[in-house]
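Dear colleague,

I am passing on the structure that we talked about, and below it I set out what came up when I went through it. Please open it alongside this message as you read.

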Amino acid sequence: TAATALFYVETETEFTVGTELSLVQPRSSLCLIKKGHRLTLGQLIEGMLISSGNDAAYTIAVNVARTVIGEKLSDSEAVSGFSELMNSFARLIGMKNSHFTSPDGYDNENQYTTAEDLLVLTRYALTVPAIKETVSLSQKHVVFKSGENITWHNTNKLLSSGSHYNKYAIGMKTGTTNTAGNCLISAFEKNDLTYISVICGAETSDSRYKDTNRLFNTYSE
């Protein structure tokens with residue numbers, strides 16, 4: 001979602017949060033934006049990638065689709081349009097076995113990807129400064145364009161103090177659904193080399209971090 005949005009729209013473009021929040025699925029992780037808040041695309045991406053805000057994902061999708069495709073799209077039409085932008089973009093960067101139907105990755109039988117495609121996406125994302133910088137932050141205090149402020153804390157435990165902390169970690173993204181299980185894409189920088197790990201389907205949140213650190217420690221020696 002972030003990569004597609006930034007392909008079409010500048011980070012400083014301002015968007016207003018609207019009725020698209022009604023499309024956010026129950027029990028979704030949120031960055032707590034509200035209808036009427038005004039944020040830049042860059043700030044919305046921070047809310048989405050740091051705090052795993054599905055609310056930000058929908059605001060990005062709807063506003064980018066209206067910018068690129070047409071202002072008169074309904075919320076659901078805009079989400080469908082953005083999903084098609086995602087699918088086109090995925091093919092453009094070399095993802096071969098993925099299909100997207102929503103901006104937040106929520107379970108849908110027509111939405112799928114592979115570990116190999118996630119690797120392709122991560123390699124690309126690391127070349128986009130706005131993404132690479134954002135996913136490396138353990139937290140971020142943000143003042144919205146409409147005046148509200150909030151501190152977002154990263155859901156990626158590799159970046160914060162604790163048993164899973166890894167000093168070489170530079171991101172990337174957690175993800176959890178009933179179908180996909182506990183997932184974690186990670187990137188590390190050590191001795192001028194970049195390492196990428198993709199964990200899918202872990203049984204618990206802790207196990208995805210343990211497996212990631214085990215992989216990194218094994219292959220970065």
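By class, how many nonpolar, polar and charged residues are there in the lining of the second largest pocket? Before the reply, please note that this is a predicted model, in which local features need pLDDT of at least 70 and side-chain atom pairs count only at pLDDT 80 or more, while totals for chains, interfaces and linings use all residues. Residues are numbered from 1 along each chain as its sequence is written, and side-chain values use heavy atoms, with hydrogens and water left out.

The pocket

The lining of the second largest pocket has three nonpolar, five polar and five charged residues, where Ala, Val, Leu, Ile, Met, Phe, Trp, Tyr, Cys and Pro count as nonpolar, Asp, Glu, Lys and Arg as charged, and the others, Gly among them, as polar. The space in this pocket comes to about 200 Å³, a volume being the space filled by probe spheres set on grid points that are joined across faces, edges and corners. A pocket here is an open set of points on a 1 Å grid over the protein atoms alone, where a 1.4 Å probe fits, with protein on both sides within 12 Å along at least five of seven lines, and lining residues have an atom within 4 Å of a point. Thr11, Glu12, Gly42, Gln43 and Glu46 are the closest to the centre among the 13 lining residues. Helix 2 (41-50) and helix 6 (129-135) are the elements that give two or more residues to this lining, and helix 2 gives the most, with four; helices are DSSP runs of H or I with at least four residues, strands are runs of E with at least two, and both are numbered from the N terminus.

Helix 2 is mostly covered, since 10 of its 10 residues are buried (buried means under 20% relative accessible area, exposed over 50%, and partly exposed in between, with a 1.4 Å probe and protein chains only). Leu49, which is found in helix 2, is buried because its relative accessible area is 10%, and Val135, placed in helix 6, counts as buried because its relative accessibility is 2%. Leaving aside neighbours within four places in sequence, Leu49 is in contact (heavy atoms within 4.5 Å) with Ala2, Ile131, Thr134, Val135, Asn154 and Lys173. Val135, on the same terms, touches Leu49, Asn154, Leu159, Ile170, Gly171 and Met172. The peptide bond from Gly171 to Met172 is cis, with omega near 25°, and Met172 lies in strand 5 (residues 169-177).

Helices 3 and 4

Helix 3 (residues 54-68) and helix 4 (residues 75-92) pack at an angle of about 85°, with their axes 8 Å apart, and are therefore roughly perpendicular to each other (65 to 115 degrees). Their contact has 10 nonpolar, no polar and two charged residues.

Backbone points to check

Arg27 has a positive phi of about 65° although it is not a glycine; Arg27 is found in the loop between strand 1 (14-16) and strand 2 (38-40) and counts as exposed, at 78% relative accessibility. Asp192 also has a positive phi of about 65°, and its place is in the loop between strand 6 (181-190) and strand 7 (193-202), where Asp192 is exposed, with a relative accessible area of 84%.

With best wishes

Terms used:
Axes fitted to C-alpha atoms, helices over the stretch in contact; angles between N-to-C directions. Parallel < 35°, antiparallel > 145°, perpendicular 65-115°, else oblique.
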